Amino acid sequence: MTVDKSDRQHALRLTPVSRETEERLALLVAELERWQAAKNLVSSATLADVWTRHIADSLQLFNLAAERERWLDLGSGGGFPGLVIGICLAERGAGQIDLVESNARKCAFLRHAARVTGARVKVHPARIEQVVGSFAGNVEVVTARALAPLSQLLDWCEELLRTGALGLFPKGQHLDTELTDSARYWKIQATTVSSVTDDAARILLVRSAERRADP
Ligand SMILES: C[S@@+](CC[C@H](N)C(=O)[O-])C[C@H]1O[C@@H](n2cnc3c(N)ncnc32)[C@H](O)[C@@H]1O
């Protein structure tokens, strides 16, 4: 699959970055293409417009909380949004994003791509439920993309949100159903913003989540 050059321009119009960051992102895309055949890191159907579908889609999350320095990405997969956020932090020369991913071959790619691009990331080859508690109080933003329904994300992130982290969860057309389902168990303070890459998608910003006493 060849990456479409006009897609790169389109993506960078949606989410502009510096020349330095663009070069690092191009290195990430090249490594993703190189590893994809053997490791199946993302859906192959999304590679032709990887800049819009994955790079800009991740950059817009960073832009929602760009002033924050300590990030955590759950279920990082092929590195979206985690590696892209790590690349943004590299330009700043400060901050870190921790990536939690249970799949060993994806972790190998995450480490390799971080080395090549200089992304400020730390990879944790682990299951979220076993390590997420150790980040409470230490992260300012938690992201999770294409990972799990909102109720599950809130279960995992309860302590992080209680200790001040902002949750940034990109969601598709089922967001309203997920909000209704989770309202049985959770009282949340949240807002949404429209996705710049997909008209049908929104990003949920969760500022707090309180478990209901009697669901
Ligand atoms: C559908 S992929 C999404 C990857 C990436 N966030 C993206 O948007 O392209 C979900 C990823 O989460 C990982 N994952 C799912 N459940 C997990 C768990 N309990 N602990 C750690 N990783 C998990 C899977 O291995 C997979 O790589």
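Reader: Hi! Starting with H3 and H4: how do they lie to each other, parallel or oblique?
Author: Hello! In this predicted model, H3 and H4 are oblique to each other. Their axes cross at roughly 55 degrees and come within 9 Å, with H4 covering residues 82–92.

Reader: And the crossing of H3 and H4, left-handed or right-handed?
Author: That crossing is right-handed.

Reader: Which residues in H3 and H4 meet there?
Author: From H3 there are Ile55, Ser58, Leu59, Leu61 and Phe62, and they meet Val84, Ile85 and Cys88 in H4. By class, this contact of H3 with H4 has seven nonpolar residues, one polar and no charged.

Reader: Nice. What about H1 and H3, how do they lie to each other?
Author: H1 and H3 are roughly parallel to each other. H1 spans residues 5–14 and H3 spans residues 50–64; their axes cross at roughly 30 degrees and come within 8 Å. The crossing of H1 and H3 is right-handed.

Reader: Which residues make that contact?
Author: On H1, they are Asp7, Arg8, His10, Ala11 and Leu14; on H3, Trp51, Thr52, Ile55 and Ala56. The contact of H1 with H3 divides into five nonpolar, two polar and two charged residues.

Reader: Let's switch to H2 and H5. At roughly what angle do the axes cross?
Author: Helix H2 (residues 19–39) and helix H5 (residues 104–117) have axes that cross at roughly 150 degrees and come within 10 Å. That angle is over 145 degrees, so H2 is roughly antiparallel to H5.

Reader: And which residues make the contact between H2 and H5?
Author: H2 brings Arg24, Leu27, Leu28, Glu31, Trp35 and Lys39, while H5 brings Arg105, Phe109, His112, Ala113, Val116 and Thr117. Sorted by class, the contact of H2 with H5 has six nonpolar, two polar and four charged residues. The crossing of H2 and H5 is right-handed.

Reader: Zooming out now, how many helices and strands does the protein have?
Author: Its secondary structure comes to eight helices and seven strands.

Reader: What radius of gyration does the protein have, and what would a compact globule have?
Author: The protein has 17 Å, which agrees with the value near 17 Å for a compact globule with 215 residues. Along its principal axes, the C-alpha trace spans about 50 × 35 × 35 Å.

Reader: How many of the 215 residues count as buried, as a percentage?
Author: In this model, 40% of the 215 residues count as buried.

Reader: Last one: what percentage of the contacts with a separation of 6 or more comes from residues 24 or more positions apart?
Author: Those residues account for 74% of such contacts in the protein.

Notes:
Residues numbered from 1 in each chain as written. Predicted model: local features only at pLDDT ≥ 70, side-chain atom pairs only at ≥ 80, totals over all residues. Axes fitted to C-alpha atoms, helices over the stretch in contact; angles between N-to-C directions. Helix = DSSP H or I, 4+ residues; strand = E, 2+ residues; numbered from the N terminus. Parallel < 35°, antiparallel > 145°, perpendicular 65-115°, else oblique. Left-handed = near helix turned anticlockwise from the far one by under 90°. Contact = placed C-beta atoms within 7 Å. Nonpolar A, V, L, I, M, F, W, Y, C, P; charged D, E, K, R; others polar. Rg over C-alpha atoms; globule rule 2.2 N^0.38 Å. Buried ≥ 20, exposed ≤ 12 C-beta atoms within 10 Å, placed from the backbone.
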